[in-house]
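User: I am new to this structure and would appreciate a guided reading of it. Please take my questions one at a time.

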Amino acid sequence: MAISVLLSLLMFGVGAAVWADLPAMIPGGKVDFAGEPTMTPRWLFAVAMPSVTLFVAPVVAFLPALGERFQRLSGQGAPWSSPSLRRFLNLLLPLLSLVLTILHTVLLLREAGRATWPSTDHLMLAVLALFLVGVGLIVPLLRPGAGSDDPVARWWERARVPVGVGIVLVGSVTAATGFLLGEPVMAAYATGLIGPVILVGCAVPFIGERNRKNDSRSGT
């Protein structure tokens, strides 16, 4: 949470540094009902992303406590332990804040007329790939509690690594698609693989269990 707050302050600092070069109204990239392009005031464009980060940081930080209370009230357990969830969030929150900081900086530099290398589109593509790979690497940290005999926990213990590997692969394919094809917008199609890949990773334990049963029957 402290890292996220520091990164939010850094975002405010970047906005202040390029404030004089920002236009008073910035195109929002959409059109209204009258067909006119939507415009965002300079002040809102400069403070929106860091403000969102400052709001998200405490919400994510208190999720474990809220989750434990919900489990006690509902009687439903989670497939992972509270300590592993805290470890996961302690890495996810700085990763998300870092990604938002880079994205915020890139967008501010673009609207301020500052040239970047690589291009803005390629930088945004790299940020997206970084986030996906990072999430994939930390997902396996979500582990069940020691000695847990819950069927859902046993399923997640076998699914967590395939799910994480699948997300890392999607991030890698996204980066390769955008940089090798020379059209970063094409990488948007690669991110559509994230849903099917996660479903396949979640199905791996069931496939393995079925194969073991078939092998057992064949041996018998």
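User: What share of the contacts in the protein chain with a separation of 6 or more comes from residues 24 or more positions apart?

Analyst: The model is a predicted one. Among contacts with a separation of 6 or more in the protein chain, residues 24 or more positions apart account for 70%.

User: In what order do the elements of the protein chain run from the N terminus on?

Analyst: The protein chain has eight helices and two strands. From the N terminus on, the order of these elements is α-β-β-α-α-α-α-α-α-α.

User: What percentage of the residues of the protein chain count as buried?

Analyst: The protein chain exposes about 13100 Å², and carbon and sulfur atoms supply 70% of that area. A residue counts as buried when its relative accessible area is under 20%. Of the 220 residues, the share that count as buried is 32%.

User: Are H2 and H4 roughly parallel or roughly antiparallel to each other?

Analyst: Two packed helices are described by the angle and the distance between their axes. The axes of helix H2 (residues 42-61) and helix H4 (residues 82-111) come within 10 Å and cross at roughly 175°. An angle over 145 degrees counts as roughly antiparallel. The two helices, H2 and H4, are therefore roughly antiparallel.

User: How many residues of the contact of H2 with H4 are nonpolar?

Analyst: On the H2 side, the residues in contact include Phe45, Met49 and Val56, and they meet a set in H4 that includes Leu93, Leu100 and His104. The residues of this contact divide into one charged, three polar and, as the nonpolar group, 14.

User: Which element gives the most to the largest nonpolar core?

Analyst: The largest nonpolar core has 19 residues, and Phe88, Trp156 and Val163 are among those with the most contacts inside it. Two or more residues come from each of H2, H4, helix H5 (120-138) and helix H6 (151-181). With seven residues, the element that gives the most is H4.

User: Leaving aside its neighbours within four places in sequence, which residues is Phe88 in contact with?

Analyst: Phe88 is one of the residues with the most contacts inside the largest nonpolar core. Once neighbours within four places in sequence are left aside, its contacts are Ile138, Val139 and Leu142.

User: Is Val200 buried or exposed?

Analyst: Val200 is found in helix H8 (residues 194-219). Its C-alpha atom is separated by 7.7 Å from that of Val163, 37 residues apart along the chain. A relative accessible area over 50% counts as exposed. Val200 has a relative accessible area of 52%, so Val200 is exposed.

Terms used: Residues numbered from 1 in each chain as written. Predicted model: local features only at pLDDT ≥ 70, side-chain atom pairs only at ≥ 80, totals over all residues. Heavy atoms only, no water. Axes fitted to C-alpha atoms, helices over the stretch in contact; angles between N-to-C directions. Helix = DSSP H or I, 4+ residues; strand = E, 2+ residues; numbered from the N terminus. Parallel < 35°, antiparallel > 145°, perpendicular 65-115°, else oblique. Contact = heavy atoms within 4.5 Å. Nonpolar A, V, L, I, M, F, W, Y, C, P; charged D, E, K, R; others polar. Buried < 20%, exposed > 50% of the residue type's maximum accessible area, 1.4 Å probe, protein only. Areas by Shrake-Rupley, 256 points an atom, 1.4 Å probe, with all protein chains shown as cover. Core = buried A, V, L, I, M, F, W, Y, C linked by side-chain atoms within 4.5 Å.
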